[in-house]
Amino acid sequence: MGYSDDELKKLERALTETFHVPVDHPADQGEMARRVMRTLRRSADAGELGQAAGIASGLLDQFVWRVATIAAAVVLAVSVLTVQVLRTSTGESTLLLAEEFEATPLFGD
Amino acid sequence: MMGDCLTATTALPWSELRLPMADASLTVAQTSPEDRELLRRIQAGNTDCFAELISRHQPHVVRIVSRRVPADDIDATVHDVFVRAYFGLGGFSGSVSFDHWLAGIAVRTCYDFWRSRHRAEWPVSALTDAHHRWIEQTLTAASDEEFKDHARKKEATEVLEWAMRQLSPEHRTVLTLVHLEGRSIREAAELLGWSTVNVKVRAFRARRALRGILLDSSRGGT
């Protein structure tokens, strides 16, 4: 058998009450501060050693992004030029069409 | 030595720093002058002052963490919260109180704790007869006093933990913030750094999932 909606709500309310029952956790403030500061000092020491590697890695990242940007720009330019050349070769250029009109005498001149 | 960190009082340019998740319209208490002074000194290079910040805010962080992770993991999680806070100090905005900012870090650290545990496939044991008896007694409680007495029993904590362990880390985190702690969707979103829509949807689904788990238990499920 399942619970009714009212029973479910009552159960949820009971669990909410349970959640708010204070949790007793003995906390040694000085010890926690010492532990955290020890970790931070260790990280700082490791950080000094790894700083050079970090800088190199940052420069490498920058280099990769720049090369990728330039490559993308070149590909775009080549694509645009290719399209232009193809249009010209198939006679779709509006410029060529205009020249053709100009070259052709109108009204039997 | 650490007490010396609070002797000077200097006006600070906190408006220069902005926390990405900070919402200017949120009416949260401002950072206390003592905390500001300690933070200024830490930023000036006197990192030992962070120990005093830890001492000032440890009870607050322990209160948040102890309701979210198992008792054996409270100390390690609180430690992680302060380490994360130290490395995140550059992103702290004075527009919200340091307590509030720290609460966000604590909530997210607990969320990460459950994410790592979830991946490890933590087994969920079945409810015992004592737990089923507790549920029956709670449902038939005659008075509010009796109801509250039941809520304080050891079995109640175990049933709550049993149900929560079956939820995903996301559902667990949102359910705790919105349904158990009674925070608004907006406040929960701000603490988690998620969108309000995301929190709203997850809060709805989390509650539905919890009700499903409780219903299954009544049918003799896990």
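**View 1. Chain A is built from three helices and zero strands.** Helices (H or I, at least four residues) and strands (E, at least two) are DSSP runs, numbered from the N terminus. Reading chain A from its N terminus, the order is α-α-α. Buried residues make up 6% of its 109 residues; here a residue is buried if 20 or more other C-beta atoms lie within 10 Å of its own, exposed if 12 or fewer, and partly exposed in between, with C-beta atoms placed from the backbone. Please keep in mind that this is a predicted model, in which local features need pLDDT of at least 70, side-chain atom pairs count only at pLDDT 80 or more, and totals for chains, interfaces and linings use all residues. Residues are numbered from 1 along each chain as its sequence is written, while chains are lettered from A and ligands numbered from 1 in the order in which they are written.

**View 2. Chain B has 10 helices and zero strands.** Its elements run α-α-α-α-α-α-α-α-α-α from the N terminus on. Of the 222 residues in chain B, 33% count as buried. Residues 24 or more positions apart account for 70% of the chain B contacts with a separation of 6 or more; two residues are in contact if their C-beta atoms, placed from the backbone, lie within 7 Å.

**View 3. How confident is the predictor in chain B?** Mean pLDDT for chain B is 83, and 82% of its residues reach 70 or more; pLDDT is the predictor's confidence in each residue, from 0 to 100. Among the elements of chain B, α6(B) has the lowest mean pLDDT (85), whereas helix α8 (residues 169-180) has the highest (96). Over residues 6-28 of chain B, pLDDT stays under 50, and the model has 33 contacts beyond four places in sequence for this stretch. Where pLDDT is low, the predicted coordinates should not be read in detail. The model as a whole scores ipTM 0.77 and pTM 0.70.

**View 4. Chain B meets chain A through 35 of its residues, which are in contact with 25 residues of chain A.** The chain B elements giving two or more residues to this side are α2 (49-66), α3 (74-88), α5 (129-139), α6 (144-151), α7 (154-165) and α10. With eight residues, α2(B) gives the most. Sorted by class, the chain B side has 21 nonpolar, nine polar and five charged residues. In this scheme Ala, Val, Leu, Ile, Met, Phe, Trp, Tyr, Cys and Pro count as nonpolar, Asp, Glu, Lys and Arg as charged, and the others, Gly among them, as polar.

**View 5. Helix α1 (residues 5-20) of chain A crosses α5(B) at roughly 110°, with the axes coming within 10 Å.** That angle makes the two helices, α1(A) and α5(B), roughly perpendicular. Axes are lines fitted to C-alpha atoms, for helices over the stretch in contact, and angles run from 0 to 180 degrees between N-to-C directions. Angles under 35 degrees count as roughly parallel, over 145 as roughly antiparallel, 65 to 115 as roughly perpendicular and the rest as oblique. From α1(A), look for A:Glu7, A:Lys10, A:Leu11 and A:Ala14, which meet B:Ile135, B:Thr138 and B:Leu139 of α5(B). This contact has four nonpolar, one polar and two charged residues.

**View 6. Helix α1 (residues 33-43) of chain B packs against α2(B) at about 150°, with the axes 9 Å apart.** The pair α1(B) and α2(B) is therefore roughly antiparallel. On α1(B), B:Asp35, B:Leu38, B:Arg41 and B:Ile42 meet B:Cys49, B:Phe50, B:Glu52 and B:Leu53 on α2(B). Five nonpolar, no polar and three charged residues make up this contact.

**View 7. B:His57 sits in helix α2 of chain B.** Is B:His57 buried or exposed? B:His57 counts as buried because it has 20 C-beta neighbours inside 10 Å. Leaving aside residues up to four places away in sequence, B:His57 touches B:Asp99 and B:Leu102.

**View 8. The axes of α8(B) and α10(B) come within 8 Å and cross at roughly 95°.** These helices, α8(B) and α10(B), are therefore roughly perpendicular to each other. Residues in the contact include B:His171, B:Leu175 and B:His179 of α8(B), along with B:Arg202, B:Ala206 and B:Leu210 of α10(B). Its classes are eight nonpolar, two polar and four charged residues. Also in α10 (residues 196-218) is B:Val197, which counts as exposed because it has 10 C-beta neighbours inside 10 Å.
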